[in-house]
Amino acid sequence: MNPNNQSSVPPTTPATGPASYQPGSGTLPTPAGYSPSPAPVQAAVPAGSSPTTPSYGADYLDTIAAPMPTKAPNKFAVIALIGGVLLAALFALLLLNGSQGPSVGSQATTINARISTLQTVANAQQKHLSENAIAEANATLNSSLTTMTTDLSKLVSGTKPDKTASAKESSYQSKLSSTLESAYQRGTLDRTYTVQMTYELTVLRGMLVKLKNNSTKDTIKTFCTTSIANLDIILKLYANFDATKS
């Protein structure tokens with residue numbers, strides 16, 4: 001065949017394959033179809049500042065911190081603390097007992113002295129009362145007071161008298177007698193007597209109620225209950241008289 005008549009054939013381009021490794025080039029060939037991942041982008045750090053470091057809470061730091069060495073409690077300090085608490089409790093108990101007021105015996109003695117005062121006044125004014133209703137009520141009061149002082153004297157027979165309280169009661173009796181005597185001189189005794197004795201008997205009644213509540217003896221409670229009922233009768237008589245004069 002004549003080479004001149006041969007059809008011209010385009011040269012064949014060899015298939016592109018992985019680049020051949022060239023020794024000494026320091027670069028490895030890149031496999032076919034491999035595209036390198038882009039490098040991660042770091043946030044820009046402003047000039048003059050340092051990268052942010054992680055922060056931890058105080059609780060976390062406490063958990064990883066070494067435990068503090070503990071000291072054994074001092075035996076003498078514990079004993080002193082217990083002793084101080086006991087002393088404080090004892091002191092509070094003494095204050096509580098002191099704040100409860102006078103004893104039952106002292107209250108009964110004071111009541112007996114007040115009964116004696118009212119009895120003395122009632123006896124002295126009996127002859128000066130002109131109204132029959134008031135005179136009869138006063139006679140009933142005098143009888144009740146006599147019974148009360150007799151019964152209560154038996155209940156407090158072993159109680160020592162309080163000289164200070166006796167002096168105060170004596171002064172109280174003098175003032176009460178002077179008030180009623182002045183009313184008699186002015187001619188207003190009946191009206192003044194009912195008002196004044198209503199006050200006095202109400203005070204005595206309150207003293208009896210307190211004694212009854214504080215006492216644990218049945219004899220004293222019975223005495224108080226009976227005496228209060230008798231006083232209520234006299235107070236009602238005085239109230240009825242005042243109602244007729246109002």
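Which residue's side chain is joined to that of Gln-107 by a polar contact? The partner is Asn-214, and the contact between the two side chains spans 3.5 Å, where a polar contact is a pair of N or O atoms within 3.5 Å; within protein, one atom must be able to donate a hydrogen and the other to accept it, and residues adjacent in sequence count only if both atoms are side-chain atoms. The model examined here is predicted, so local features need pLDDT of at least 70 and side-chain atom pairs count only at pLDDT 80 or more, while totals for chains, interfaces and linings use all residues. Residues are numbered from 1 along each chain as its sequence is written, and side-chain values use heavy atoms, with hydrogens and water left out.

## The chain as a whole

The secondary structure of the protein chain comes to 7 helices and 0 strands, where helices (H or I, at least four residues) and strands (E, at least two) are DSSP runs, numbered from the N terminus. Read from the N terminus on, the order of elements is α-α-α-α-α-α-α. Of the 246 residues in the chain, 21% are buried; buried means under 20% relative accessible area, exposed means over 50%, and partly exposed lies in between, with a 1.4 Å probe and protein chains only. The chain exposes about 17800 Å², of which carbon and sulfur atoms supply 60%, the areas coming from the Shrake-Rupley method with a 1.4 Å probe, with only the protein chains shown counting as cover for residues. Among contacts with a separation of 6 or more, 78% are between residues 24 or more positions apart, a contact being heavy atoms within 4.5 Å.

Helix H3 covers residues 104-125, and its 22 residues reach 32 Å from the first C-alpha to the last, close to the 32 Å expected. The expected span of a helix is 1.5 Å times one less than its number of residues. Gln-107 lies in helix H3, and with a relative accessible area of 8% it is buried. Other buried residues of H3 include Ile-111, Ile-115, Leu-118 and Ala-122. An α-helix has 3.6 residues a turn, so residues three or four places apart point the same way. The cover over the buried residues of H3 includes helix H4 (132-155), helix H5 (163-186) and helix H6 (189-214).

Helix H5 has 24 residues and reaches 35 Å from its first C-alpha to its last, close to the 34 Å expected. Its buried residues are Glu-169, Leu-176, Leu-180 and Ala-183, and what covers them includes H3 and H6. After H5 comes Gly-187, whose phi is positive, near 80 degrees.

## Two salt bridges

The structure holds 2 salt bridges, each being a side-chain nitrogen of Lys or Arg within 4 Å of a carboxyl oxygen of Asp or Glu.

| Salt bridge | Closest N and O atoms |
|---|---|
| Arg-114 and Glu-169 | 2.8 Å |
| Asp-232 and Arg-205 | 2.7 Å |

In the pair of Arg-114 and Glu-169, the closest N and O atoms are 2.8 Å apart. Arg-114 lies in helix H3 and Glu-169 in helix H5, so this pair ties together parts that are 55 residues apart in sequence. Arg-114 is buried, with a relative accessible area of 11%, and Glu-169 is buried as well, at 9%.

In the pair of Asp-232 and Arg-205, the closest N and O atoms are 2.7 Å apart. Asp-232 lies in helix H7 (residues 218-245) and Arg-205 in helix H6, so this pair ties together parts that are 27 residues apart in sequence. Here Asp-232 is partly exposed, with a relative accessible area of 32%, and Arg-205 is partly exposed at 29%.

Leaving aside neighbours within four places in sequence, Leu-208 is in contact with residues including Ile-111, Met-148 and Phe-223.

Asp-190 has its place in helix H6 and is buried, with a relative accessible area of 10%. A polar contact of 2.5 Å joins its side chain to that of Ser-130.
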